[in-house]
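Q: Hey, I'm new to this one. Can you walk me through it?

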Amino acid sequence: MSNSLTLLTFIPLIGAIWAALLPSKSTGQLRFAGLFTTLVALALTLSLAFQYDRAAGGLQFAERYEWIPSLHIEYYLAADGLSLVLLVLTALVTPFSLLAFGKGLSKLAVVLVLLLETTLFGTFTALNFVHWFFFYELSLVPAFFLIRLGGTPKATAAATQFFIYTLFAGFAMLLGFLAIYQATHTFDLTELAALARQEKLGHALSAAFPAFSGWISGAVFLGILVGLGVKVPVVPLHTWLPNAYTEAPAPVSMLLTGLLSKMGVYGFLRLLYPLFPGLMFHWQVPLLALAVVTIVFSALAALAQRDLKRIVAYSSVNHLGYCLLGLFAVAAATHADTVNRAAAMNGVILQIFNHGLTASALFCFIGFIEKRSGGLRGLNDFGGLREVAPVFAGLMGIAIFSSLGLPGLNGFVGEFLIFKGSFAIAPGATALAAIGLFVTAVFLLTLIQRVFAGPLAERWKAFPDLSTGERLTVIPAIALMFVLGIYPQLLIGLFNPTVLKLIF
Amino acid sequence: MDFLLIALIPLLPLVAAGLTALLKREQKALSATLVIGAQTVACVLSLWALLLAMCADNGEPGLIHEFVNFPWLTFGHETLKLGLLVDPLSGVMGAMVAFVALLIFIYSHGYMKEDRNYTRFYTFLGLFSGAMLGVVYSNSLLLTFVCWELVGLASYLLIGFWFFKPSAAAAAKKAFLTTRVGDMGLMIGMFWLYKAAGTLLFYDNGAGCLEQAALATMAKTLVGGLALSNIIALLIFCGAAGKSGQFPLHVWLPDAMEGPTPVSALIHAATMVAAGVYLVARVFPIFAATGTHSISLIVVASVGAFTALFAALIAVAQNDIKRILAYSTVSQLGFMMLAAGVGHPGVAMLHLIAHAFFKALLFMGAGSVIHGVHDEQDIREMGGLRRFMPVTFVTYSIGMLALAGFPVLFSGFWSKDAILHAAHLWPVSQLPFYMATAAAFLTAFYMTRQMAYVFFGQYRGHAHPHESPAVMTLPLVILAAAAILMSLPATPAWPAFEEFLKGEAAHFSLEGLTEPGFLQIALTSTAIVFLGIGLGWLIYGRKPLGAVDPIQTAAAPAFRALANRLYIDEIYDATVIRALHGFGSLAAWIDRQILAGIVSAVAALSFFVSAVSNGIDRFVINFGFDNSCNALREYGGAAASCEGGRVQGYLRLIALGTVILLAVIGWLLV
């Protein structure tokens with residue numbers, strides 16, 4: 001039994017302590033500490049991804065210790081393809097965000113970002129609910145202070161809203177799991193999934209709560225759905241998101257959209273679907289409707305926004321909606337339909353990664369714009385920037401086209417697989433969801449048109465193009481968009497065996 | 001067959017584009033060399049591929065499709081493959097695309113020499129060529145779709161090449177979004193096809209989606225009373241209609257003329273806009289799975305015929321030299337769709353290839369004119385240019401005669417006659433035939449009008465017209481030759497082109513010319529063309545032209561409606577676009593007022609509850625508690641004062657108590 005996952009989880013924590021001990025004025029040392037730590041973590045995740053036995057496909061690198069024996073709570077870590085994708089994403093986006101801070105990097109920011117990375121690593125590897133929930137909720141603390149970094153009253157309000165929203169949603173989920181514990185006496189997610197597969201979980205819940213036997217499973221399911229739905233978020237539980245993404249500094253928005261939102265989707269894949277496949281099948285119509293509403297509503301709302309960050313924020317909701325569509329379609333399919341379930345499930349996981357990469361790149365670019373414009377980021381505040389900043393326009397253009405799902409770039413492949421699978425399973429919902437694809441193209445091309453095309457305004461004559469440092473920050477992400485767009489198997493190969501285990 | 005070399009055809013321009021993307025603005029010569037060099041090799045390879053398709057022989061009659069399939073990704077236990085395909089269809093189309101693109105790449109060097117972003121221009125051209133050739137040689141609808149979207153991207157980038165012009169940026173966006181509307185249909189069609197056939201490969205040794213087994217399944221499956229093959233075909237046609245500017249998705253193509261003229265020639269006349277027709281020809285087996293009079297083909301024929309006539313009408317009243325040609329392109333694409341719809345994809349392809357040559361010629365001629373009169377595009381500001389630009393004039397005339405369908409010498413005559421002939425023989429309805437004939441008449445008419453305005457009469461502009469340099473005129477001469485030579489394999493006497501696409505050997509026989517119906521059609525269309533040219537000359541050729549069009553004087557409302565493109569754009573603005581933005585605002589409103597409102601209400605409610613409980617605490621609980629405490633303390637104090645500790649006090653109280661007690665007892669006893 002190796003301890004590499006524990007090591008990985010706590011590397012950022014050690015880095016955070018290191019950074020905390022550094023003098024706050026030495027930005028250089030702080031940046032070094034942050035980058036060094038995150039790059040070590042990246043190297044470790046990559047080596048785990050390479051060591052991972054893809055042919056076997058199940059949970060590996062397991063660590064298991066008793067934690068609170070009287071309550072059957074264990075410290076239980078392991079990783080499969082799904083976890084590894086998220087670990088790699090976390091390890092990539094965190095240094096990306098640190099770099100995006102540029103000169104604005106403070107000691108507090110480094111410490112908080114590293115703490116956040118620890119909670120993310122913990123969430124994506126934990127297999128005992130209590131253990132998982134601990135990291136899942138703990139992430140709120142650094143996230144709360146990161147959103148407040150801007151220091152404006154609006155940022156404080158947004159941070160508070162974010163915190164309370166997700167905390168309450170967490171309670172709903174916690175209550176659900178307490179009921180499950182009451183019925184099964186375990187918090188072990190793999191054991192619970194095994195029970196669910198044998199269709200024993202629902203019976204256990206009914207037996208444990210005889211007075212509510214008719215609807216206890218449904219209530220627990222809804223509690224968990226709401227808890228995770230806020231985090232993703234699902235419309236109509238999303239209203240905290242535009243404020244949080246907009247008021248947070250751009251590098252923090254990168255973390256929020258790139259990583260924190262993924263905790264929600266991850267929860268859908270790791271908790272909700274394995275524990276309640278039957279209920280998800282039973283409630284496929286409302287669930288698919290929920291996904292379609294999330295997709296179409298957020299795209300339309302993005303169309304009406306006039307703030308670049310808000311546009312990308314709503315667009316994020318839209319993109320994660322496709323993940324839900326794919327997952328709900330998987331749950332709605334008959335068991336025998338392996339081809340389409342595998343297609344949609346692979347698409348969902350790929351989309352998680354792609355969205356994390358692309359949306360964080362978009363926020364990074366918007367951060368660069370804000371830095372140049374003194375905080376201005378209205379859709380109509382600019383115009384003709386391509387004239388003076390062609391590299392900026394070109395690279396951001398690539399990220400935008402990745403976001404609207406242009407073939408050849410990463411975004412397309414995930415959406416293709418999701419749509420391939422979902423259309424075969426739920427054609428009506430999928431056809432409606434295609435509206436979202438179109439509307440996304442409308443607002444993203446409008447963004448390019450207003451910001452980069454047209455005559456150059458006098459005030460932006462001196463708008464600087466990307467500096468060398470900024471180019472080095474974004475080019476790895478852009479390069480990865482091409483690589484995954486052309487050769488998606490690189491990533492799919494990592495999690496396809498896990499998908500096959502997930503859908504059986 | 002060595003498919004690595006076939007793969008190089010699209011890859012070379014693509015890689016060259018990638019390399020030039022890394023170049024600096026000043027490295028003009030290097031970028032042009034890279035892209036033109038790569039395109040030259042691609043062109044040679046495409047001709048070789050055509051030769052392979054021509055010589056392919058497996059000893060059996062019928063079409064030979066040579067293909068290679070390779071895995072792209074694996075999901076579950078399923079491997080998704082892409083593939084490359086060489087057959088007569090892709091051979092012909094690929095050779096045309098690579099050849100016309102090469103000519104236009106060379107021409108662009110002259111046209112764009114002074115442009116600041118010359119380097120970037122070649123990057124985008126390379127991207128376009130690679131993607132377009134990818135569409136052509138693809139053996140998988142998925143790969144086609146991928147390249148199809150990339151072609152759309154290249155088109156977007158090139159229409160908006162002069163991004164500082166708001167009109168160009170708007171036109172680029174409009175083109176991308178309008179075609180994407182169609183692409184939504186194509187995409188859904190693709191997923192449905194994937195579901196129905198289990199593969200997106202066109203040919204795969206019997207397992208492909210264009211092969212018998214899959215076609216038979218799709219033809220048999222009924223969805224809502226329609227054969228599934230027809231539904232899928234119609235969805236795919238949505239994409240084809242978007243790309244090929246068919247009504248009602250034609251609106252983007254005239255606006256696309258905002259791009260530099262070489263772009264209009266290459267993408268928006270010769271190649272990309274024809275991709276829709278090519279796609280229909282490629283997946284024609286799906287359209288025809290339930291027979292050549294299937295509902296999907298009837299729709300294609302109707303849309304094509306309508307578009308041909310509708311766009312030709314609008315072209316009559318346009319004054320921008322490129323817009324006239326753009327509407328003419330829309331109209332000619334309608335002809336091609338009509339040919340495919342009446343069951344003759346080979347005829348559609350014949351017109352596609354012929355049109356590619358003469359329309360590229362016309363656009364490049366128009367570019368030469370625009371260049372010569374210093375960026376003027378209004379034909380009313382031209383006139384008499386034949387004296388200043390003789391080469392352009394002669395080559396442009398050849399293109400014009402080919403487009404108008406002038407008899408015998410010009411390719412357009414034969415290909416258009418083939419379409420009219422096919423439409424005439426269509427048993428479903430004769431209406432498309434009459435619409436196409438009317439469109440043919442209008443074509444001759446508006447092209448004569450344009451010639452009269454541009455090349456005849458007196459020069460009305462204020463520039464100093466001059467002939468263009470050889471780098472621009474040489475491609476014109478080559479294309480003019482092609483516009484004439486394409487007649488050779490197109491005549492009914494030696495229908496080599498069509499037979500080749502069918503996989504049959506062509507025989508030379510003059511009897512083809514006397515085939516029943518053909519002569520009749522040929523004579524009718526000749527009469528129509530002469531009528532169109534004659535009427536055009538009568539109205540525009542004899543008198544000096546002014547600012548007001550003679551037709552405008554004669555029929556002002558009709559002319560105005562046509563000049564305003566029959567208000568289609570305005571109708572879209574007022575309906576679709578307004579509705580879209582309306583829904584956007586509605587969603588944002590719901591978000592702000594209702595959803596966020598509920599959250600605020602919940603927050604307000606919790607504040608209210610806390611305020612109430614605070615109030616209860618302070619004024620009810622605290623008040624009662626405090627009061628009772630106080631009262632207790634007071635009573636306690638009073639009670640305590642009785643227990644002063646002095647004996648006299650106690651005795652006094654005892655005495656008082658005894659007296660009261662005795663009084664009470666006495667009162668009770670009495």
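A: Helix 16 of chain A is followed by Gly374(A), whose phi is positive, near 70°. Helices here are DSSP runs of H or I with at least four residues, strands are runs of E with at least two, and both are numbered from the N terminus. This is a predicted model, where local features need pLDDT of at least 70, side-chain atom pairs count only at pLDDT 80 or more, and totals for chains, interfaces and linings use all residues. Residues are numbered from 1 along each chain as its sequence is written, while chains are lettered from A and ligands numbered from 1 in the order in which they are written.

Q: Is helix 16 of chain A mostly covered or mostly uncovered?
A: Mostly covered: 30 of its 36 residues are buried. Buried means 20 or more other C-beta atoms within 10 Å of the residue's own, exposed means 12 or fewer, and partly exposed is in between, with C-beta atoms placed from the backbone.

Q: And what span should helix 16 of chain A have?
A: At 1.5 Å a residue, residues 338-373 should span 52 Å, and the end C-alpha atoms are 51 Å apart, which agrees. The expected span is 1.5 Å times one less than the number of residues.

Q: Switching to chain B, how many helices and strands are there?
A: Chain B has 25 helices and four strands. Its C-alpha trace spans about 155 × 65 × 55 Å along the principal axes. The radius of gyration is 39 Å, whereas a compact globule of 670 residues would be near 26 Å; that's taken over C-alpha atoms, and the globule rule is 2.2 Å times the number of residues to the power 0.38.

Q: How many residues does each chain put into the contact?
A: Chain B gives 39 residues and chain A gives 44. Two residues are in contact if their C-beta atoms, placed from the backbone, lie within 7 Å. On the side of chain B that touches chain A, helix 6 of chain B brings the largest share, 15 residues. That side divides into 27 nonpolar, six polar and six charged residues. Nonpolar covers Ala, Val, Leu, Ile, Met, Phe, Trp, Tyr, Cys and Pro, charged is Asp, Glu, Lys and Arg, and the others, Gly among them, are polar.

Q: What about helix 3 and helix 15 of chain B, how do they cross?
A: Their axes come within 11 Å and cross at roughly 5°. Axes are lines fitted to C-alpha atoms, for helices over the stretch in contact, with angles from 0 to 180 degrees between N-to-C directions. The two helices are therefore roughly parallel to each other, since that label goes to angles under 35 degrees, with over 145 roughly antiparallel, 65 to 115 roughly perpendicular and the rest oblique. The contact's residues are 12 nonpolar, two polar and no charged.

Q: Which peptide bonds are cis?
A: One joins Val235(A) and Pro236(A), with omega about 10°. Another runs from Phe247(B) to Pro248(B), with omega near 0°. For background, most peptide bonds are trans, and most residues other than glycine have a negative phi.

Q: Which non-glycine residues have a positive phi?
A: Among them are Phe61(A), at about 55°, and His374(B), at about 60°.

Q: Are those two buried or exposed?
A: Phe61(A) counts as buried because it has 21 C-beta neighbours inside 10 Å. His374(B) is exposed, with 12 other C-beta atoms within 10 Å.
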